[in-house]
Amino acid sequence: MKVLVGVKRVIDYNVNVRVKSDQTGVETSNVKMSMNPFDEIAVEEGVRLKEAGTAGELIVVSVGGQASQETIRTALAMGADRGVLVKTDLATDTEMQPLSVAKLLKAVVEKEGAQLVLLGKQAIDDDSNQTAQMLAALLGWGQGTFASKLSVADGKALVTREVDGGLETVSLKLPAVVSVDLRLNEPRYASLPNIMKAKKKPIDVLEPSALGVDVTPRLKTLKVVEPPKRKGGVKVASVGELVDKLKNEAKVI
Ligand code: AMP
């Protein structure tokens with residue numbers, strides 16, 4: 001079985017993001033970039049499926065600029081077999097939007113004949129949480145979102161999802177799309193020998209037009225601003241004072 005994983009290059013989660021002065025987006029030049037953390041979890045799960053003999057080949061796909069090759073290499077060093085870069089000059093945090101990414105992934109899935117697609121539940125730059133759902137709809141496949149446990153056997157994927165009331169398990173007939181949540185696994189660090197080996201693994205580079213996909217943005221970002229600064233808190237001496245403040249200052253009770 002071929003498993004395909006989507007990996008997005010985003011601003012590293014430790015970076016203090018700065019809004020551009022012209023309010024068109026956030027500063028991405030000279031900023032540390034990394035693989036979207038949920039995608040690391042998706043890659044790890046794919047590698048585990050390979051190690052268990054469930055997946056025959058693990059392919060990682062990234063839609064982005066030339067630098068997204070680095071993100072693909074990281075996934076290859078974790079254990080994926082080969083990569084596909086769908087190259088674009090569009091900014092992936094604003095202009096290359098989830099519907100376009102889903103259409104591109106659909107084209108790659110069909111080209112490769114993949115049977116299981118693992119994506120992150122959301123990209124931490126656009127926080128869209130849309131790509132997996134759109135991809136499943138475009139392919140006409142089942143979807144299991146926010147997986148905290150996954151097992152694949154007998155042409156089925158069992159996906160455990162954390163819902164409000166507890167844990168829900170759904171059974172999907174393969175082929176299917178699964179989006180992964182934080183508690184699914186702990187991604188491994190790539191070892192030095194595996195980083196060296198990854199340099200030799202193949203990466204195909206494709207253009208969106210070669211996949212027959214129109215990636216013109218559908219949404220326009222009007223402006224991006226910083227969140228309002230938090231006001232400092234106050235310490236109260238007693239419960240009585242707290243109740244008084246809530247009643248008379250904050251007027252919430
Ligand atoms: P989103 O819908 O933008 O929150 O993204 C959800 C997931 O879709 C991500 O965690 C990735 O697995 C995948 N994805 C989104 N954008 C890209 C991209 N440019 N390249 C590869 N995968 C992507």
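1. Basis. This is a predicted model, in which local features need pLDDT of at least 70 and side-chain atom pairs count only at pLDDT 80 or more, while totals for chains, interfaces and linings use all residues. Residues are numbered from 1 along each chain as its sequence is written, and side-chain values use heavy atoms, with hydrogens and water left out.

2. Ligand site. There are 18 residues around the ligand, and Asp39, Ala123, Asn129, Gln130 and Thr131 come nearest; a residue is near if one of its heavy atoms lies within 4 Å of the molecule. Polar contacts are pairs of N or O atoms within 3.5 Å; within protein, one must be able to donate a hydrogen and the other to accept it, and residues adjacent in sequence count only if both atoms are side-chain atoms. A polar side-chain atom of Thr131 is 2.7 Å from a ligand oxygen. On its own the ligand has 480 Å² of accessible area, of which the protein covers 99% (Shrake-Rupley method, 1.4 Å probe; for residues, only the protein chains shown count as cover).

3. Asn185. Is Asn185 buried or exposed? Asn185 counts as buried because its relative accessibility is 10% (buried is under 20%, exposed over 50%, partly exposed in between; 1.4 Å probe, protein chains only). A polar atom of the Asn185 side chain lies 3.1 Å from the backbone oxygen of Ile41.

4. Salt bridges. The structure holds 17 salt bridges, each a side-chain nitrogen of Lys or Arg within 4 Å of a carboxyl oxygen of Asp or Glu. One joins Asp126 and Lys8 at 3.2 Å, N to O. This pair links distant parts of the chain, 118 residues apart. Asp126 is partly exposed at 25% relative accessibility, whereas Lys8 is buried at 14%.

5. In the salt bridge between Glu57 and Arg82, the closest N and O atoms are 2.7 Å apart. Glu57 lies in strand E4 and Arg82 in strand E5, so the pair ties together parts 25 residues apart in sequence (strands are DSSP runs of E, at least two residues; helices are runs of H or I, at least four; both are numbered from the N terminus). Lys2, Glu57, Arg82 and Glu112 are linked in a network of salt bridges.

6. Surface patch. Val234, Val236, Val239, Leu242, Val243, Leu246, Val252 and Ile253 make a nonpolar surface patch of about 690 Å². Leu246 is in helix H6.

Methods: Patch = residues over 30% accessible without salt bridge, like charges linked within 9 Å, V, L, I, M, F, W, Y side chains within 5 Å.
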